[in-house]
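Please look over the chain below before reading on. The report takes the whole chain and then one residue.

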Amino acid sequence: MKKILFLTALMLSGLLSFAQETVSTTGPEIGLTIIPRFDLNPYFSTQSDGESGFSFGNSSLYTNLGGDINEHWSFLIVNHWLTNNTYSTSLFEGSNYLYEDSFRTDANNWVDYLNITYSIGGFSITLGKDMIATGGFEFDAWDWETHPAQMSGLWNTLPCYQWGGKITWSTPSENTTIGIQMTTSPYSDEDSKSYRPFKSGRYNYGLFWLGDYDWFHTNISLTSLQRCDWKYSWLAAAGLRFTPGQFTIDANWFNKIGRYDAEDFLAKGNTGLLSVTYTLPSEKFDFTVKGGYEKAGESNDENIYDNQFIGLTANWYPIQGDTNLRIHGAVSYDHFLRTITVTAGALFNLHIPFTRKK
């Protein structure tokens, strides 16, 4: 743990020192964003014998450091310093797991991203810790922006931040990007401590296509994840986004559902998601309705289930720009848990740009 902290601090100081000497004063290209979030999250069972209570929801603390070093080099470091268990009454109770799982590939930890990218022409090569290129547009948002009660089982269970590399190519218009990726697998054999990066010899391989065609967008991928039995689970994800006027409509489909079992994160089945967001012309308010349907392809397994959920979200942005404040409220219903979750909170992005001498 101390080695990781030391190496991260050393890398941060070196990159910031280099950035201050090399970034143009015409505008900041490298910056640090400090991102605290605080939620109040009561939940209510719709069953007479069900459980109701209170938690601090998705309260957390992140930092995001990154940007363009020069014409060809860029980097991204995202750290998750504090977290909260979804239904815990103790603020940041789950933070210990972020550090205890530092060397694990079968769980997310305090390092989400730690990578560097070299770009030339339409090609880019990225090495380091990155997100598995899957999950359509549902995985597209930063974790600190989401409401877990409105996310699919796949989003909630898959350890999506893994070590590896990817190569992408974009057309001259940058409307189309295709890529290949190889990362460590989240599957591991705990007895042999092979859950440490590259120890298990298990890997993921993926292809993806990102499209940005005016009001129509795509986020489509196919990923093979190597399981503990050395066989592969194929995860297909298709995300379509439509942006007519002030609306954003997202439709996502996965050929798997999230499995609440540490030994196997994926189950056969289908996940379908649909969300509609309306943003006021002033961009100070937006409203989202999102629904999800998860249908298992297997039966007689207590770790998988059919489910439907729906949620409503309202956001207000009293402070806008690189430094911004979001006040949010959300109501969610989970059919399997028979639970209504109400969330009220604030998300603050404090952006600190780094510029340099001419």
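This is a predicted model: local features need pLDDT of at least 70, side-chain atom pairs count only at pLDDT 80 or more; totals for chains, interfaces and linings use all residues.

Residues are numbered from 1 along each chain as its sequence is written, and side-chain values use heavy atoms, with hydrogens and water left out.

The protein chain has 3 helices and 17 strands (DSSP runs: H or I of at least four residues for helices, E of at least two for strands, numbered from the N terminus). Of its 358 residues, 47% are buried, meaning under 20% relative accessible area with a 1.4 Å probe, protein chains only.

The mean pLDDT of the chain is 88, and 87% of the residues reach 70 or more; pLDDT is the predictor's confidence in each residue, from 0 to 100.

| Stretch | pLDDT | Contacts in the model |
|---|---|---|
| Residues 1–7 | below 50 | 8 contacts |
| Residues 22–28 | below 50 | 15 contacts |

Lysine 290 lies in strand β14, which spans residues 285–296. Lysine 290 counts as buried because its relative accessibility is 11%. Its side chain makes a polar contact of 3.1 Å with the side chain of glutamate 138 (a pair of N or O atoms within 3.5 Å, one able to donate a hydrogen and the other to accept it; residues adjacent in sequence count only if both atoms are side-chain atoms). Leaving aside neighbours within four places in sequence, the residues in contact with lysine 290 include Gln150, Met151, Leu273 and Phe309.

Technical notes. Buried means under 20% relative accessible area, exposed over 50%, partly exposed in between (1.4 Å probe, protein chains only). Contact means heavy atoms within 4.5 Å.
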